[in-house]
Amino acid sequence: PRELEMAKDQSRDNAIVLCILDCIMGCIQRMLEYFNVYAFAYVAIYGSDFITAAKETLQLFKTSLFDAIINDDLTGFVLFVGAFMGGIVAGVLGGLLAVVFGDVNPIFAGIICFFIGTFYVSLVMNVIRSNVANFLRSLR
């Protein structure tokens, strides 16, 4: 994509074509990243090399691609809401502790605790997301 950006700057005549090409390349990159999640899950579970895992993942996608997409779509939102709610709980507790001890502005403490709580809960949610990919593979 960096080469596309340089080409856009140099040539204004083909800017639309380069923009479309950039969009297509971005879509291919996102599809490969999505594919890699399942391929690396296969490597982690079975200990095989990446080429074998990619072939098995391709076979999985041929048989149940829509199951994988729906699975990720539904669980992705739930995991995001869980991380957000964990951040809210951490923010409220941080604000209450700031009121009780009175050393720091409660709003500032609540906001900082919200971001810290969201970060830590999202780390746990990423582990759960990895297990979702493993669960789909075990159903096959």
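In this predicted model, helix α2 passes helix α3 in a right-handed crossing. Helix α2 spans residues 15-46 and helix α3 spans residues 50-101; their axes come within 8 Å and cross at roughly 120°. That angle makes α2 oblique to α3, because an angle of 65 to 115 degrees would count as roughly perpendicular and one over 145 as roughly antiparallel. Two packed helices are described by the angle between their axes and the distance between the axes.

The residues that form this contact can be listed for each helix. By class, the contact of α2 with α3 has 15 nonpolar residues, together with two polar and two charged ones.

S130 lies in helix α4, which covers residues 106-139. The relative accessible area of S130 is 42%, so S130 is partly exposed.

| Residue pair | Separation in sequence | C-alpha to C-alpha distance |
|---|---|---|
| S130 and A41 | 89 residues | 7.3 Å |
| A68 and V132 | 64 residues | 9.3 Å |

The chain as a whole may be summarised as follows. The secondary structure of the protein comes to four helices and zero strands, and the elements run α-α-α-α from the N terminus on. Among contacts between residues at least 6 apart in sequence, 52% join residues at least 24 apart. Buried residues account for 25% of the 140 residues in the protein. The accessible surface of the protein comes to about 9,900 Å², and carbon and sulfur atoms contribute 72% of that area.

Methods. Residues are numbered from 1 along each chain as its sequence is written. This is a predicted model: local features need pLDDT of at least 70, side-chain atom pairs count only at pLDDT 80 or more; totals for chains, interfaces and linings use all residues. Side-chain values use heavy atoms; hydrogens and water are left out. Axes are lines fitted to C-alpha atoms, for helices over the stretch in contact, and angles run from 0 to 180 degrees between N-to-C directions. Helices (H or I, at least four residues) and strands (E, at least two) are DSSP runs, numbered from the N terminus. Angles under 35 degrees count as roughly parallel, over 145 as roughly antiparallel, 65 to 115 as roughly perpendicular and the rest as oblique. A crossing is left-handed if the near helix is turned anticlockwise from the far one by less than a right angle, and right-handed if clockwise. Ala, Val, Leu, Ile, Met, Phe, Trp, Tyr, Cys and Pro count as nonpolar, Asp, Glu, Lys and Arg as charged, and the others, Gly among them, as polar. Buried means under 20% relative accessible area, exposed over 50%, partly exposed in between (1.4 Å probe, protein chains only). Contact means heavy atoms within 4.5 Å. Accessible areas come from the Shrake-Rupley method with a 1.4 Å probe; for residues, only the protein chains shown count as cover.
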